Amino acid sequence: MSTATLDQAPAAEAPIQSFTVTFLIRRFDPDVDTEPRWQDFDVEMYATDRVLDALHKIKWEQDGSLTFRRSCAHGICGSDAMRINGRNRLACKTLIKDLDISKPIYVEAIKGLPLEKDLIVDMEPFFASFREVQPFLVANSTPEPGKERVQSVANRAIFDDTTKCILCAACTSSCPVFWTDGQYFGPAAIVNAHRFIFDSRDDNAQTRLDILNDKEGVWRCRTTFNCTEACPRGIEVTKAIAEVKQAIMRGKP
Amino acid sequence: MNTQTSDAETTVIDGVHYHQFDIVIVGAGGAGMRAAIEAGPGAKTAVISKLYPTRSHTGAAQGGMAAALANVEEDSWEWHTFDTVKGGDYLVDQDAAEILAKEAIDAVIDLENMGLPFNRTPEGKIDQRRFGGHTRDHGKAPVRRACYAADRTGHMILQTLFQNCVKLGINFFNEYYVLDLVMTEVDGVEQPSGVVAYDLATGELHVFQAKAVIFATGGFGKIYKTTSNAHTLTGDGVGIIWRKGLPLEDMEFFQFHPTGLAGLGILLTEGARGEGAILRNASGERFMERYAPTIKDLAPRDIVARCMVQEVAEGRGAGPHKDYVLLDCTHLGAEVLETKLPDITEFARTYLGVDPVYEPVPVMPTAHYAMGGIPTNVAAEVLRDNTTVVPGLYAAGECACVSVHGSNRLGTNSLLDINVFGKRAGRNAVEYVNSGVEFTPLPEDPARGIRELLVQLRDSNGTERIAAIRKELQDEMDKGAQVFRTDESLAHVTNVIAGLRERYKNIAVQDKGKRFNTDLLEAVELGFLLDLAEVVVFSARNRKESRGGHMRDDFPNRDDENYMQHTMAYLSGDAHSADAADHIRLDWKPVTVTRYQPMERKY
């Protein structure tokens with residue numbers, strides 16, 4: 001997987017065909033550039049390659065200064081969220097075969113967070129919002145020593161969807177409200193609040209609901225569903241936000 | 001960029017930032033953050049990580065975390081200890097394995113109490129599933145011991161630990177890349193006085209003075225081409241320790257996980273087989289029945305990986321090139337796949353275009369886990385030889401070798417390891433720094449060596465591409481030092497590595513900038529990979545037997561008389577000399593045997 005550019009899934013019987021794919025990448029070097037600029041690269045790719053493979057091929061064979069974050073390369077670590085053809089996706093989960101390669105593929109950093117260099121943004125505002133919703137279990141009861149808290153299968157299922165979040169920021173940085181108002185908590189923070197608000201073991205839902213009832217909270221959401229569409233983990237983000245809104249109206253989870 | 005730091009006392013001298021913490025933890029995966037949760041409340045603690053904590057590879061672990069909770073069937077920590085010892089082919093230190101198995105129960109309960117959303121039984125208790133090598137009553141049948149959260153157990157552990165670090169207000173220095181451990185001689189004894197880190201965002205150097213340093217830097221699977229490991233798993237921490245002249249233990253033992261997506265190496269959890277999936281060869285035969293009649297597909301990973309490679313070598317591989325076997329989940333049904341194995345189901349669909357609900361999935365072994373690493377005792381204290389502790393230096397998780405995994409780790413024992421020994425490292429470090437010890441003085445200009453290294457790399461006019469050297473290393477390691485090894489194959493890789501180390505001196509870093517210079521980072525990482533690959537191969541050549549993850553075709557049997565002992569490798573002489581034998585010295589360390597005498601390993 002390391003040099004996955006040349007690794008082929010051995011499923012197909014026919015000789016494996018490669019394609020020349022043009023990538024237009026929005027570059028920004030803070031030491032030199034005043035404004036971002038687009039640069040094109042031609043890369044030999046296979047249909048089953050990922051966009052991350054293309055970025056690696058560029059960095060490793062053409063231009064070592066191309067800068068992006070990545071780690072696990074299979075959609076679990078959340079490092080490589082970026083805008084690919086105008087859509088927020090993980091580069092390691094976007095396969096060439098799913099893109100129209102008759103045209104250049106546009107790759108740029110996610111929006112709404114300060115651009116640092118090439119495809120890297122400052123993630124600190126994103127994590128600051130995350131921390132603000134108290135994303136951790138607060139339980140008043142003391143479990144029996146050496147025992148787990150009991151939770152029914154049904155209660156565990158209620159918040160299952162939002163436990164999948166990998167904090168990649170694809171949702172938050174796809175949100176038009178977040179683009180125009182960086183103070184808005186954004187979808188990811190709300191998802192992580194949801195994960196605890198609806199956890200039957202937690203006793204701090206009210207605090208989180210109060211936080212999200214703030215003027216920069218859930219009511220800023222305009223239900224455009226960009227976040228749901230952007231989520232690489234398939235979380236129904238907009239639905240989670242709606243459930244938080246309903247809980248605020250009810251005054252309880 | 002760091003997050004969440006409250007570190008007002010930073011001073012800057014000659015462009016180098018100086019910080020002071022009682023405890024510095026290097027690495028923010030499971031072991032590092034578990035240590036931080038212990039250390040944070042008791043001492044001024046910083047966690048330094050080259051990634052944002054939630055990017056750490058703990059999050060990629062899938063299947064479960066072993067603990068004899070006996071929530072769904074009879075189980076005991078003693079059975080778990082035995083399985084761990086036998087699974088590790090009797091190279092496990094049995095006192096450590098006993099601690100691992102005993103403390104497993106509290107480790108799982110700790111995580112649940114911290115909020116981890118485990119799957120539940122109908123009674124609402126933590127659910128458990130079967131996993132390779134975990135058995136009832138010393139091998140009689142598979143037992144349900146793995147506590148799990150779908151196939152996202154590692155993700156949930158990483159998130160839960162991070163959430164609790166946020167709750168405790170732990171200081172994180174994210175995307176700070178620790179490049180050196182600073183040692184100072186005190187009364188004739190070398191001990192840690194801090195670490196040197198490179199701030200990726202600014203390119204500036206930071207020195208963290210500390211009373212205690214905990215290494216929790218993970219593994220180094222990127223010495224191989226086909227691996228489940230992240231791009232960032234380049235063994236920096238293990239490499240730093242090596243360069244300090246401290247020993248590395250059992251480096252020849254690397255685990256190849258049987259079920260990597262063929263050609264890609266992406267992990268498909270053993271939990272699939274725990275839920276009933278079956279490995280089949282081209283003719284559809286359940287071949288593990290032949291090799292491990294009692295527990296079949298749930299034999300330990302070393303055995304299953306070898307059987308798979310053997311099936312392919314003997315012409316029974318599937319696919320157009322007969323170069324993989326098949327993981328058959330089709331009889332599990334869509335519901336089990338969607339609820340208990342959703343992520344791997346999606347991986348197969350996304351990356352191979354194969355839907356496990358309807359078709360078997362092509363799989364082959366993938367480099368997964370380093371059993372060896374930085375030797376520690378059961379208190380997570382780093383050893384400078386077979387018995388002597390380096391005061392104030394700790395290691396935990398994959399970078400460490402306690403050794404609870406011996407020559408082959410059982411699935412679910414690593415998520416356990418990071419929690420049990422991460423906790424021990426944190427707790428013992430707090431006790432140490434609060435026992436009246438003072439800060440060890442830093443040497444003059446402690447960052448000098450690293451500054452010179454970085455300047456030399458960044459300013460070099462070399463011509464060798466980083467990626468080309470790395471690719472050759474990885475290709476050759478896959479060919480010569482993978483599941484099956486011979487002296488010939490290892491000798492060949494030795495020569496290749498020697499040549500690559502020479503070429504590395506002429507490396508080209510194209511990015512000359514200071515900010516987010518990931519090109520420079522990759523150059524440094526490659527240096528660690530080359531160092532560690534050399535130790536792996538050198539240690540492997542020296543072990544003329546087959547045991548656990550180390551299978552020598554030319555010495556196919558286990559040889560307890562000569563080799564039931566740990567390898568200890570030391571850097572001695574000129575680290576840059578071409579011949580590994582000129583700068584690696586090997587020694588042995590006895591295995592701790594308590595209740596289980598070595599037996600033939602049959603499943």
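Helices (H or I, at least four residues) and strands (E, at least two) are DSSP runs, numbered from the N terminus. The model described here is predicted: local features need pLDDT of at least 70, side-chain atom pairs count only at pLDDT 80 or more, and totals for chains, interfaces and linings use all residues. Residues are numbered from 1 along each chain as its sequence is written, chains are lettered from A and ligands numbered from 1 in the order in which they are written, and side-chain values use heavy atoms, with hydrogens and water left out.

## Backbone features

Most residues other than glycine have a negative phi, and most peptide bonds are trans. In chain B, a cis peptide bond joins B:Val402 and B:Ser403, with omega about 5 degrees. B:Ser403 sits in the loop between strand S19 (400-401) and helix H11 (413-433) of chain B. In chain A, the phi of A:Leu167 is positive, near 55 degrees, and this residue is not a glycine. The loop that holds A:Leu167 runs between helix H3 (153-158) and helix H4 (176-180) of chain A.

## Sheets

Strands of a sheet pair through backbone hydrogen bonds, either parallel or antiparallel. Two strands count as paired if DSSP finds at least two bridges between them.

Chain A has an open sheet of five strands in the order S2-S1-S5-S3-S4, with mixed pairing. Strand S2 (37-46) and strand S4 (87-90) of chain A are the edge strands, each pairing on one side only. From one strand to the next, the twist averages 35 degrees. Helix H1 (residues 51-62) of chain A packs on the sheet, where it touches strand S1 (18-27), S2, S3 and strand S5 (105-108) of chain A. The direction of H1 makes about 105 degrees with that of S2(A). Strand S3 (residues 81-84) of chain A pairs with S4(A) in the antiparallel sense over four bridges. A:Arg83 has A:Asn88 in S4(A) as its bridge partner.

Chain B has an open sheet of three strands in the order S4-S6-S5, with antiparallel pairing. Its edge strands, each pairing on one side only, are strand S4 (65-66) and strand S5 (128-136) of chain B. S4(B) and strand S6 (residues 141-147) of chain B run antiparallel and are joined by two bridges. B:Ala66 has B:Ala146 in S6(B) as its bridge partner.

## Helix pairs

Two packed helices are described by the angle between their axes and the distance between the axes. Axes are lines fitted to C-alpha atoms, for helices over the stretch in contact, and angles run from 0 to 180 degrees between N-to-C directions. Contact means heavy atoms within 4.5 Å.

| Helix pair | Angle | Axis distance |
|---|---|---|
| H5 (187-197) and H8 (237-250), chain A | about 60 degrees | 9 Å |
| H2 (77-87) and H3 (94-114), chain B | about 135 degrees | 8 Å |
| H5 (236-243) and H15 (518-542), chain B | about 70 degrees | 9 Å |

Angles under 35 degrees count as roughly parallel, over 145 as roughly antiparallel, 65 to 115 as roughly perpendicular and the rest as oblique.

With an angle of about 60 degrees, H5(A) is therefore oblique to H8(A). The contact is made by A:Pro187, A:Ile190, A:Val191, A:His194 and A:Ile197 of H5(A) and by A:Val237, A:Ala240, A:Ile241, A:Glu243 and A:Val244 of H8(A). The residues of this contact divide into eight nonpolar, one polar and one charged. In these classes, Ala, Val, Leu, Ile, Met, Phe, Trp, Tyr, Cys and Pro count as nonpolar, Asp, Glu, Lys and Arg as charged, and the others, Gly among them, as polar.

With an angle of about 135 degrees, H2(B) is likewise oblique to H3(B). Residues in the contact include B:Trp77 and B:His80 of H2(B) and B:Gln94 and B:Ala97 of H3(B). By class, the contact of H2(B) with H3(B) has six nonpolar, four polar and two charged residues.

H5(B) and H15(B) are roughly perpendicular to each other. Among the residues that meet are B:Trp242 and B:Arg243 in H5(B) and B:Phe528 and B:Asp531 in H15(B). Six nonpolar, two polar and four charged residues make up the contact of H5(B) with H15(B).

## Interface between the chains

In the interface, 77 residues of chain B are in contact with 77 residues of chain A. The area buried between chain B and chain A is about 6,300 Å², of which carbon and sulfur atoms give 53%. Buried area is the accessible area (1.4 Å probe) that two parts lose on being put together, summed over both. B:Arg55, B:His231 and B:Tyr351 supply 13% of the area that chain B buries against chain A, more than any other three residues.
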